[in-house]
Amino acid sequence: MTNEQLQDGAKLAEQIATLEAQLLGWKTSKRFYYQTIALYSETGKCYDKINPEYVDFEVLKTLTIARIEKELNELKTKFENL
């Protein structure tokens, strides 16, 4: 294994660990903590004090977990192919 592969492996391992921590957090979460959230438009305008009651947490949670798992699988495949 070359030094470049070792460095790439270390970076991938760090990214994998970060995503695994995120995945655990999302899988064990039950609700939003904050009473308001902030949204930003493409122009940078901030719409604050948006009530998260209108966001379906379970849908958001499911979509987020799927996205994290997809990225995690891609990183693990890259790591295995080193």
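Reader: What covers the buried residues of helix 2?

Author: This is a predicted model, in which local features need pLDDT of at least 70, side-chain atom pairs count only at pLDDT 80 or more, and totals for chains, interfaces and linings use all residues. Residues are numbered from 1 along each chain as its sequence is written, and side-chain values use heavy atoms, with hydrogens and water left out. Helices are DSSP runs (H or I, at least four residues), numbered from the N terminus. Buried means under 20% relative accessible area, exposed over 50%, and partly exposed in between (1.4 Å probe, protein chains only). The cover of the buried residues of helix 2 includes helix 1 (3-28). Among those buried residues are Phe 57, Lys 61 and Leu 75.

Reader: How is a salt bridge to be read, and how many does the structure hold?

Author: Side chains of opposite charge can pair when their charged atoms come close. A salt bridge is a side-chain nitrogen of Lys or Arg within 4 Å of a carboxyl oxygen of Asp or Glu. The structure holds 3 salt bridges. One of them joins Lys 76 to Glu 20, with the closest N and O atoms 3.4 Å apart. That pair links distant parts of the chain, Lys 76 being in helix 2 and Glu 20 in helix 1, 56 residues apart.

Note on methods
Helices (H or I, at least four residues) and strands (E, at least two) are DSSP runs, numbered from the N terminus. Contact means heavy atoms within 4.5 Å.
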